[in-house]
Amino acid sequence: MNTMNTPKSTGEAWNKLEEKVDSLVETLMKEKNLPGMTVAVTKAGRLILSKGYGFALVDGTRKLPRKLPMKPCSRSKIGSVTKAVITGPSGFQLMKSENIDPKSTKLYGPKGFFGGIFDADIDVAIKDHAPKSAQWKQWYEKITIQHLLDHKAGFRGDKDEGDPTSKDMAGQDITEMFGVSEDEVTIEQRHRHFLRTRDLRYEPGNPPSNLKTYLNHGFGMWALLIQKMSGKPYRNYVQDHYLRPAKLHNAVRWERENPDSCDAYGHKFNDNLKPEAHLFEESTLNSSMGLAAGGFMASAQSVVRLTASLDKKYTTEELDSMGWGGTKNSKGHLRLSHGGSIEGGLAYVVIYPDGYRSSTENLDLSEVHIAVAANAKDESANPDTGDPNQNPNLESLANNIAVAVPAANVPATFDLWKQGKPACSCEYVRHGVSANEYQQVFDEAGQAGYRLEWIDGYSDEGKSHFNVIFRTNEPEIDWVSHHDMTGTIYQQKFDEYRKEGFSLDHVDSYAVGKKVLYAAIWTKSGAASTAYHGSTAEDHQKSFDSLTGAGWKPKVISVASVDGKRHYTALYTKQAIGRFEARSFLTPNEHQAKFDENSARAG
C-alpha cells in the first residue's frame, strides 16, 4: 500500500515523452512504494528528459523536515552503477595514458603488476587449501587486469552458495589478522585478507556456464590499481582527473556525514513496508575499496552526462570491456547496461548504441541512453544472485521508456543541456559553527567544490560563531574569504583584493566583546560594487539615500552594537536583484507582518 502523498514531479522534458514517462514512473513507484526517483534520457547526446519524482526525504527525524521533494539533480546511491560509469572508465583512461594493456598485464607473481607484494598471502591460501595448491599456483599467475573488469578472475564471489566465512577458513577476522582496529585497516590489508580467506573456484577467464561470477571485491581492487598507477588515492584521481574534466566533480559525490541540498536520503523499509530515512555516514579512506565497487551518489541526469561523454570517446566494444553488461539482440547489436543495488539506493543505466533497433518492435533506439536512480533498495527488484544487472523492475522501466522515445518524435533541435534548464545548484548549510571549528568546515567545503555564498557571524559567551551557506562553485570562479577581521584588516584586504581584480560579494559585521569584527567574501565575478563599514546611523542613512538615488541597490546591510552604539556596514550592487525594501527597528511581530506582506507580493 502506498502510504505517501506523491508531490508533483519536477524537471523538464519534451512534452510527448514526458507524459508517457510520468505514467510509467509513477506506476512503478506506487507499486513498490519507492520514496523518490530521478530519471534522465538522452538521444544522440541531447538531454530530452530530466525529472525528479516523489521525495528525497520521507518522515524525517526531529532534526529534519518531514518531507523534501526529489529534484532532477538530487543525488542518490547508485551502487554498482559506479563500476560502469566511474570506476571502469577511470581505470581504462588511466591504463591508456600509462600504456598498460589490461589483457596481457598479470596481477601476481614477481613480474606482475603488484610486484609480488601479495604473493606471500597467496602462499598462505594455497597452504590452507591443499591438495589443490599446484593447480591454484598456476591459476593465480594467469589472473590479468581484464579478468577483474570482466568478473572472471576466478575468485569466490560475494553471493556464492555455501561461501564460508573468513572465520571458518582463516580462523581470524581482518582486525585479528593484522592486529589493528577497524578504522585502521588499509585497502592493502583488505585485499591480503581476501586472498587468505577466499579460494579460487575456476581457471581465470573460464568460469563454468552455471556459475555466478559477479564480484564486488574485484572492482574494489581498482582502489589499489589506480593508486599504484597514478600515485594518488582512488577518489582523488577519480574526482580530479575523471569527474572534474566532465564538470561533474560537484554533481557526483560519495556519501558524507553532512549532506547538501542535492543529497537525497537513503531509505529502508520497516516491517510494515513503510520507507524510513536513515542519516548519512561519512565515507572514510579505508572504505575506498567499497567506494570503487559501488559507493558513489549521483542523479540520473549526471549518469547520462557521463554515458554521453563516454559514448563520444569510446567504441561500444571498449565500453563493454570496462565492466558493463553487454547483451546482443537478434541483429547482433550490443546493448550495454548495468544495475546497482545498495542499502538506501537502487539504480539502472542502459546504452543503446548507434544503429540499434529493438528485436520485437523493430524500433530505432539508436543512441538512446537512460538512467534511473531511486533512494531505496527494493529487494524484489534485485534477486539475491550477486549480479546487479539482474534488476527486473528498473530494467523493465528503462526498456519501456526506450520504446516511448521513437513515438515521442523529439525534434533534433531539442536539448535541455543547451537550454540550461537542468542546472541545479546545491547548498551545504552549517549553523552555529564555533570559531575553532570553522576553518575545518571551510576547508572541507572548498575541497569538495563549494564556494562560500553567505556568512553570518555572532557572539556567544564572548566567542564568535558562524552560520554559513556554501553553494556549488558552478560556473567555477576564483574566490577568497576571511573572518574575524578588525576594521583595519578588513580595509587592507578590501584594497588588496580590489587591485587583484576581485569584487566584494558579501560582508557581515558582528560584535565580540568590545570589538566589531568582519567576515567577507570576494569573487572574480566582475560585478560592480561599493561598500562602507563602521558608519554611524546618520552617515549610513545619508549614504543609503545617495547610493540608491544613483541606481545602486543594497545587497547587504549589517549592524553591530558595542556599548549601545550601532555600527553600520553595507554593500551595494548594480546587479538585477529585483525590488527591495530596507526596514529597521521592527519588532518581531512587525517583522513577520512585513515578511508575509512582501512574500505575498512576490508570489
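Predicted model: local features only at pLDDT ≥ 70, side-chain atom pairs only at ≥ 80, totals over all residues.
Local features were considered at pLDDT of at least 70 and side-chain atom pairs only at pLDDT 80 or more, whereas totals for chains, interfaces and linings use all residues. Residues are numbered from 1 along each chain as its sequence is written, and side-chain values use heavy atoms, with hydrogens and water left out.

The axes of α2 (residues 81-97) and helix α11 (residues 234-243) come within 11 Å and cross at roughly 85°. Helices here are DSSP runs (H or I, at least four residues), numbered from the N terminus; axes are lines fitted to C-alpha atoms over the stretch in contact, with angles from 0 to 180 degrees between N-to-C directions. The two helices α2 and α11 are therefore roughly perpendicular (65 to 115 degrees). On the α2 side, the contact (heavy atoms within 4.5 Å) involves Thr82, Val85, Ile86, Thr87, Pro89, Ser90, Gln93 and Leu94, which meet Tyr234, Tyr237, Val238, His241 and Tyr242 of α11. By class, this contact of α2 with α11 comprises eight nonpolar, five polar and no charged residues. In this classification, Ala, Val, Leu, Ile, Met, Phe, Trp, Tyr, Cys and Pro count as nonpolar, Asp, Glu, Lys and Arg as charged, and the others, Gly among them, as polar.

Asn99 is located in the loop between α2 and α3 (119-128). Although not a glycine, Asn99 has a positive phi of about 55°, and the residue is exposed (over 50% relative accessible area, 1.4 Å probe, protein chains only), at 73%. A positive phi, of about 50°, is also found at Asn409, again not a glycine. Asn409 belongs to the loop between α15 (392-408) and α16 (416-419) and counts as exposed, with 56% relative accessibility.

Gln146, by contrast, is buried (under 20%), with a relative accessible area of 7%. Gln146 lies in helix α5 (residues 145-149) and touches Pro102, Lys103 and Ser321, residues up to four places away in sequence not being counted.

A cavity is a set of points, on a 1 Å grid over the protein atoms alone, where a 1.4 Å probe fits but cannot get out; lining residues have an atom within 4 Å of a point. The largest cavity has a volume of about 30 Å³, taken as the space filled by probe spheres set on the points, which are joined across faces, edges and corners. Its lining consists of Leu504, Asp505, Ala527, Ala528, Ser529, Lys555, Thr573 and Gln575, with three nonpolar, three polar and two charged residues by class.

Note on methods
1 Å grid on protein atoms, 1.4 Å probe; cavity = no way out; pocket = protein on both sides within 12 Å on 5 of 7 lines; lining within 4 Å. Parallel < 35°, antiparallel > 145°, perpendicular 65-115°, else oblique.
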